[in-house]
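I wanted to see how the pieces lie against each other.

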Amino acid sequence: MRTARISAIAFVTTACASAIFVACGGGSSSQPQGFQCATSALTPDTSLCATGQTVKGADVSHYQGALDWGTIKAGGIEFAFAKATEGTSFVDPDFSANWSGMKSAGVIRGAYHFFDAGVDPTQQAMHFVSELQAVGGLQPGDLPPVIDFEVSDSNANVCTLASALKSATGVTPIIYTAPTYVTGFTDNCGSPLWIANYGVSCPTMPSAWTSWVIWQSADTEPASGGDADEFNGSLAQLQMFAGGSSSSSSGGGSGSSSGSTGSSSGSGSSSGGGSSSGSSSGSSSSSSGAGSGSGSSSGGTSSGGMPDGGDGTMHAGGSSSGSSSGGSSGNPCGP
């Protein structure tokens, strides 16, 4: 592991602003703590603390090797994300094993896609969703899909990818990033934020968001060997965010909320900026009409991301060229 990677995302701040909880469409207490829906934007470089309980999680890729998810669960990890895809061709070789392993161990699971700025965002969405379908699709209780954004790129492409993922899965994706990458963003794509920020007591907020749902607080998590994450809320709220409980839903359809913009588009329960996955009706939120991405492929394409010493997990904070040319990846944070 290289400690140098921390410097680009460790913004040392002294202020620790408390999150203001604003109920979205009905005031359900199942929403993540501090998930703001209609408040004024925070100024850049404002730190924002969790307002109460947090839940311990992790994120991994094939660089961690074969993982014993039962042991990871016993180590206190309640949720985890595994890398699934990158660009339009790469599939993480351990994704399928991690996906089933998390489920079997009772770890609330999620999947992430590493964004490549050099290729078509809609095709990237189709590739990601195709691989989710190959492992059975998103199920009630699974976390929303994640866009791992680690390039200095117009957010138009990210929002196109987010929109395509939502159309294909019915779930609003999470955006994972660090403040350095989104300083020019004016639109959060209606997505909840997973913020990467090390070496601070509370994460620094990009100005396009007013709250965070997950915080990647360190690049080492002992139980999994991946990165350390925190969910901003209780375990019950995490389960609701994952669409794992339909009993508290206020309507029969799937609900979604558009992050800090505050607009809600359904009668079902909504967890902040993340969309509930339609579990209120008892149906699976597995992907439909997701396009024709290949079932598996080798040879990632993205070049960029932050040097991470070869662990392959998500480490936003460096710079990336976002170029795509086939063959093996030059991205140390990717495949």
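The entries below follow the order in which I looked things up.

**Entry 1: the whole chain**

I note at the start that this is a predicted model, so every value here is computed from it. I looked up the overall make-up and found six helices and 12 strands in the protein. Of its 335 residues, 56% count as buried. I also looked up the contacts with a separation of 6 or more, and residues 24 or more positions apart account for 69% of them.

How many of the eight residues of strand E4 are buried? I checked residues 79-86 and found that eight of the eight are buried, so the strand is largely enclosed by the rest of the structure.

Next I looked up the strands that pair with E4. Strand E3, residues 55-60, pairs with E4 in the parallel sense over four bridges, and within this pairing Val60 has Ala82 of E4 as its bridge partner. Strand E6, residues 108-114, also pairs with E4 in the parallel sense, here over seven bridges, and Ala80 stands opposite Arg109 in E6.

Strand E5, which covers residues 90-91, pairs with E4 in the antiparallel sense over two bridges, and Thr85 has Val91 of E5 as its bridge partner. The hairpin of E4 and E5 has three residues between the strands, and in this hairpin Gly87 takes a positive phi near 55°.

I then followed E3 to another partner. Strand E12, residues 227-231, pairs with E3 in the antiparallel sense over five bridges, and the bridge partner of Val55 in E12 is Phe231. I looked up how covered E12 is and found that four of its five residues are buried, which makes the strand mostly covered. Strand E11, residues 214-218, runs antiparallel to E12 and is joined to it by four bridges, with Gln216 bridged to Asp229 in E12.

**Entry 2: helix H3**

In helix H3, residues 95-105, I found that the buried residues are Phe95, Asn98, Trp99, Gly101 and Met102. I looked up what these buried residues pack against, and the list holds E3, helix H2 (69-74), E4, E6 and H4. After H3 comes Gly106, which has a positive phi, near 80°.

**Entry 3: helix H4 and Gln124**

Helix H4 has 14 residues, and from its first C-alpha to its last it reaches 20 Å, close to the 20 Å expected at 1.5 Å a residue. Among the buried residues of H4 are Pro121, Phe128 and Leu132, and what covers the buried residues of this helix includes E4, E5, H3, E6, E7 and H5.

Leaving aside residues up to four places away in sequence, Gln124 touches Gly87, Thr88, His113, Phe114, Phe115, Asp116, Val119 and Leu161.

The buried residues of H5 include Asn155, Val158, Leu161, Leu165 and Thr169. I found that the buried residues of H5 pack against E6, H4, strand E7 (146-148) and strand E8 (174-177). Gly170 follows H5, and its phi is positive, near 80°.

Last, I looked at how H4 and H5 cross. Their axes come within 8 Å and cross at roughly 40°, and the two helices are therefore oblique to each other. I noted that the crossing is right-handed. On the H4 side, the residues that meet H5 include Gln124, Ala125 and Phe128, while on the H5 side Leu161, Ala164 and Leu165 are among those that meet H4.

Terms used
Residues are numbered from 1 along each chain as its sequence is written. This is a predicted model: local features need pLDDT of at least 70, side-chain atom pairs count only at pLDDT 80 or more; totals for chains, interfaces and linings use all residues. Side-chain values use heavy atoms; hydrogens and water are left out. Buried means under 20% relative accessible area, exposed over 50%, partly exposed in between (1.4 Å probe, protein chains only). Two strands pair if DSSP finds at least two bridges between them. Contact means heavy atoms within 4.5 Å. Axes are lines fitted to C-alpha atoms, for helices over the stretch in contact, and angles run from 0 to 180 degrees between N-to-C directions. Angles under 35 degrees count as roughly parallel, over 145 as roughly antiparallel, 65 to 115 as roughly perpendicular and the rest as oblique. A crossing is left-handed if the near helix is turned anticlockwise from the far one by less than a right angle, and right-handed if clockwise. The expected span of a helix is 1.5 Å times one less than its number of residues.
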